[in-house]
Amino acid sequence: MKKIIISVFTAIALSGCNDFIDLKPIDFPTEETFYTDVKGLEGAIIGIYDELQSSDQYGSKFMTLMEVRGDNVKNDNSGASGGITYQIEVFTETPANSNLSGAWLSLYKTIYRCNLVLQNTKEVQMTEEQRTQIAGQASFIRALCYFNLIRLWGEVPIITKTQTVAEARNNKRSPVSEVYDLIIKDLIVAKGLPEVWDESERGRATSYAAHALLAKVYLYSKNYQEVVNELTPVVADINAKRNLSLVPMPQTFPNNLKTSKDIIFAVQYLKGGVGESAHQNNRYRNNDNGNIISLEQTEFESSDDNRKALVAPTGSGQRPGKFNAPAANNETSADFPVMRCAEVMLMYAEAVNELSTVPTQEALDALNAVRTNAGLAGKTLEELPTKETFRQAVYKERRLELALECDRWFDIVRTGQMVTVFPGIATYRQLYPIPQTEIENVNDKTGWQNEGYTIE
């Protein structure tokens, strides 16, 4: 998707984008009035996708906040970068940790760009198809950002328009339920996107991605019937191999992420000195014990599991096979998956099981589709006779299937496993502290910090 990945025009146009953390004015007339035609809005959409690549998001910091925090990856280097990543590993992070402020800032920068597009889309003359596609993409990515924000921090400010300094200083955190309402509203808009794009536009958000992400939002809300409703057409197309399909993991990772039918949405990268690559260190490269794969190989049932070798322990300077795409001058173009067909099947299996008193064949078929794709024999209802045994089988499959894809920490919290996976760790650590720099920038600091953390 070169139109999305490379755009000198957009880099220039958006280089002045204001950082919410700095509270510089984010209502520059030159930015708000720039997008007066479709070409300007399409350039702005490229800038939105571009920020997802940031080292403060899927380029690096999300790996720390969402995987190192869990039990699939660990950091044993307490001295690197002042210990800021090690703090995440051992649950000693403070509101001053720059991993947190970097991610927060980048997420709100992306939201700011989405807001600029959405508020200008209403004013620009264009066809309804163009309006649907532009608004749908901005809405999808804004929803993704807010979903990551509430999973990391819980209550966060809802910002849906550009703000003056005074407005920004008066922001308050909104209840999680209200943030979810916005996410759902945005994803309903995004469902109007195309199922597929032309080959030159591959990588843009699609209606499949909107359905899948909306189902995931409902899963976190335990609204299992809506999960099934959203995923039913997607599962049907996966099973029919229509546009989407389960693909054995070694055929997707690490070299075919850009073309695999298993990928529903991914953050794209390119190498070649154009600023669109990911540094190979930021794909779990084991430098000085900074990224140690702690997912035990014994968690896999057998060597027949084609996922096993992809997440095997690595030696010094190595990356796990799952993200070991070729690198040149430390650049890798490996995309980072956000939603895959395999996860859709597992979400569907989980939701169908939660809606029944005992496991059903429908739920089992979805679970077994993932297992068969991994080279394993399917389970039987006799092997998973109760709702709880089936639930645990899904949780196990999610850990193995989605390892290193920035889901494990959230799954531990979502499924209530923190007490058993991390005994002795205070439960308030399920959410990160709000970055101290953000609290310093608001007038009323009441209620801004999460429970268990103090405002310095």
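**Review points**

1. The chain folds into 19 helices and seven strands. The radius of gyration is 21 Å, close to the 23 Å that the globule rule gives for 456 residues, so the chain is as compact as a globular protein of that length. It should be kept in mind throughout that this is a predicted model.

2. On overall dimensions, the C-alpha trace spans about 65 × 50 × 50 Å along its principal axes. Of the contacts in the chain with a separation of 6 or more, 71% are between residues 24 or more positions apart.

3. On burial and surface, 59% of the 456 residues in the chain are buried. The chain exposes about 17,700 Å², and carbon and sulfur atoms supply 50% of that area.

4. On charge, there are 46 positive and 58 negative side chains in the chain. The centres of these two sets lie 2 Å apart.

5. How many disulfides does a search of the whole structure find? The search finds zero. C145 is accordingly in no disulfide, and the nearest cysteine sulfur, that of C114, is 5.8 Å away. The cut-off for a disulfide is a pair of cysteine sulfur atoms within 2.5 Å. With a relative accessibility of 1%, C145 counts as buried.

6. A further cysteine to consider is C341. The closest cysteine sulfur to that of C341 belongs to C406 and is 19 Å away, which is too far for a bond. C341 also counts as buried, because its relative accessibility is 0%.

7. Is Q137 buried or exposed? This residue is found in helix α8, which covers residues 128-153. Q137 counts as buried because its relative accessibility is 3%, and the cut-off for buried is under 20%. Leaving aside neighbours within four places in sequence, Q137 is in contact with I45, Y49, L193, W197 and R204.

8. D181 belongs to helix α10, which is made up of residues 176-190. At 52% relative accessibility D181 counts as exposed, the cut-off for that class being over 50%. D181 and M345 are 164 residues apart in sequence, and their C-alpha atoms are 25 Å apart in space.

Terms used:
Residues numbered from 1 in each chain as written. Predicted model: local features only at pLDDT ≥ 70, side-chain atom pairs only at ≥ 80, totals over all residues. Heavy atoms only, no water. Buried < 20%, exposed > 50% of the residue type's maximum accessible area, 1.4 Å probe, protein only. Helix = DSSP H or I, 4+ residues; strand = E, 2+ residues; numbered from the N terminus. Rg over C-alpha atoms; globule rule 2.2 N^0.38 Å. Contact = heavy atoms within 4.5 Å. Areas by Shrake-Rupley, 256 points an atom, 1.4 Å probe, with all protein chains shown as cover. Lys, Arg positive; Asp, Glu negative; His and termini not counted. Charge placed at Lys NZ, Arg CZ, Asp CG, Glu CD.
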